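Please take a moment to look over the sequence and the model below, and keep both in view while reading.

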Amino acid sequence: MKLHNRIIKGEFWTDTEIQCDMDAMNRLLYLGLIQIADDSGCINDDVRAFKMMLFPGDDISYTTLEGYRDRLIELGKLLPYEVEGKGCLYIKNFHKHQSLSQPGPPMVSLPKYLRWVSDPKKYKSGHYEISVSNTWLKVGESLANDSDSLAIDTESIYIPFSSNGLGSG
């Protein structure tokens, strides 16, 4: 895990679900997780690493961080999944809010509804695709569907997307 420079949209600060359903430390953890996620929007579910990377000088316990992480899962902001017995988290709507012109390959194992497609012409270059309604869509491309919410192909998990495309703001 490493910290990435990410842009946080202004609407984060006025999103009533975030402001009303999370306290300030929970919001800070959420912002930090966006920064440590790789370009796939995935992170290893490791509260010790969260503590070391995001709160190294703060008096915050692992138990408290677990509670904040669990709250983000409960609110549907993080989608937990497991690959080969290792817990991971996908940040819902990561690609809607983070427009990456040259995403890197995944550093964290991907969930079954997300995949990396390498560009054979460029070393370590490619794009992510997400499975929506049994179709793989390139993250960042426009959708023909005008629906505000599309079902990704996983157990009853929904990721809302804007009608003008995945990955768009």
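Where in the protein is Glu-84 found? In this predicted model, Glu-84 lies in the loop between strand 2 and strand 3. Its phi is near 50 degrees, a positive value in a residue other than glycine. This deserves a second look because most residues other than glycine have a negative phi. Glu-84 counts as exposed, because its relative accessibility of 82% lies over the 50% cut-off. Asn-93 also has a positive phi, of about 70 degrees, although it is not a glycine, and its place is in the loop between strand 3 and helix 5, which covers 94–97. Asn-93, however, has a relative accessible area of 13% and is therefore buried, since buried means under 20%.

The protein contains five helices and eight strands, and reading along the sequence gives the pattern α-α-β-α-α-β-β-α-β-β-β-β-β. Of its 169 residues, 45% count as buried. If we take the contacts between residues at least 6 apart in sequence, 53% of them join residues that are at least 24 apart.

Which residues have the most contacts inside the largest nonpolar core? That core has 24 residues, and those with the most contacts inside it are Leu-29, Tyr-30, Leu-33, Phe-50 and Ile-91. The elements that give two or more residues to this core are helix 2 (24–36), helix 3 (47–54), helix 4 (62–74) and strand 3 (86–91), and helix 2 gives the most, with six residues. A second, separate core has 14 residues, among them Leu-79, Tyr-81, Cys-88 and Trp-116.

Leaving aside residues up to four places away in sequence, Ile-91 touches Tyr-30, Leu-33, Ile-34, Ala-37, Gly-41, Lys-77 and Leu-78. Leu-78 in turn is found in strand 2, which spans residues 78–83, and its relative accessibility of 1% is under the 20% cut-off, so Leu-78 counts as buried. Leu-78 touches Leu-33, Arg-69, Leu-72, Ile-73, Leu-89, Tyr-90 and Ile-91, again not counting residues up to four places away in sequence. Leu-78 and Lys-92 are 14 residues apart in sequence, while their C-alpha atoms are 5.7 Å apart in space.

We can now turn to the way the helices pack. Helix 2 and helix 3 pack at an angle of about 95 degrees, with their axes 11 Å apart, and because angles from 65 to 115 degrees count as roughly perpendicular, that is how these two helices are described. Their contact is made by Leu-29, Gly-32, Leu-33 and Ile-36 of helix 2 together with Phe-50, Met-53 and Leu-54 of helix 3. These residues divide into six nonpolar, one polar and no charged.

The axes of helix 3 and helix 4 come within 9 Å and cross at roughly 105 degrees, so these helices are also roughly perpendicular to each other. Here Val-47, Arg-48 and Lys-51 of helix 3 meet Tyr-62, Leu-65, Glu-66 and Arg-69 of helix 4.

Leu-28 and Tyr-68 are 40 residues apart in sequence and 9.9 Å apart in space, C-alpha to C-alpha.

The cysteines bring us to a last point. A disulfide is a covalent bond between the sulfur atoms of two cysteines. How many disulfides does a search of the whole structure find? The search finds zero. Cys-88 counts as buried because its relative accessibility is 3%, whereas Cys-20 counts as exposed because its relative accessibility is 62%.

Technical notes. Residues numbered from 1 in each chain as written. Predicted model: local features only at pLDDT ≥ 70, side-chain atom pairs only at ≥ 80, totals over all residues. Heavy atoms only, no water. Disulfide = S-S within 2.5 Å. Buried < 20%, exposed > 50% of the residue type's maximum accessible area, 1.4 Å probe, protein only. Core = buried A, V, L, I, M, F, W, Y, C linked by side-chain atoms within 4.5 Å. Helix = DSSP H or I, 4+ residues; strand = E, 2+ residues; numbered from the N terminus. Contact = heavy atoms within 4.5 Å. Axes fitted to C-alpha atoms, helices over the stretch in contact; angles between N-to-C directions. Parallel < 35°, antiparallel > 145°, perpendicular 65-115°, else oblique. Nonpolar A, V, L, I, M, F, W, Y, C, P; charged D, E, K, R; others polar.
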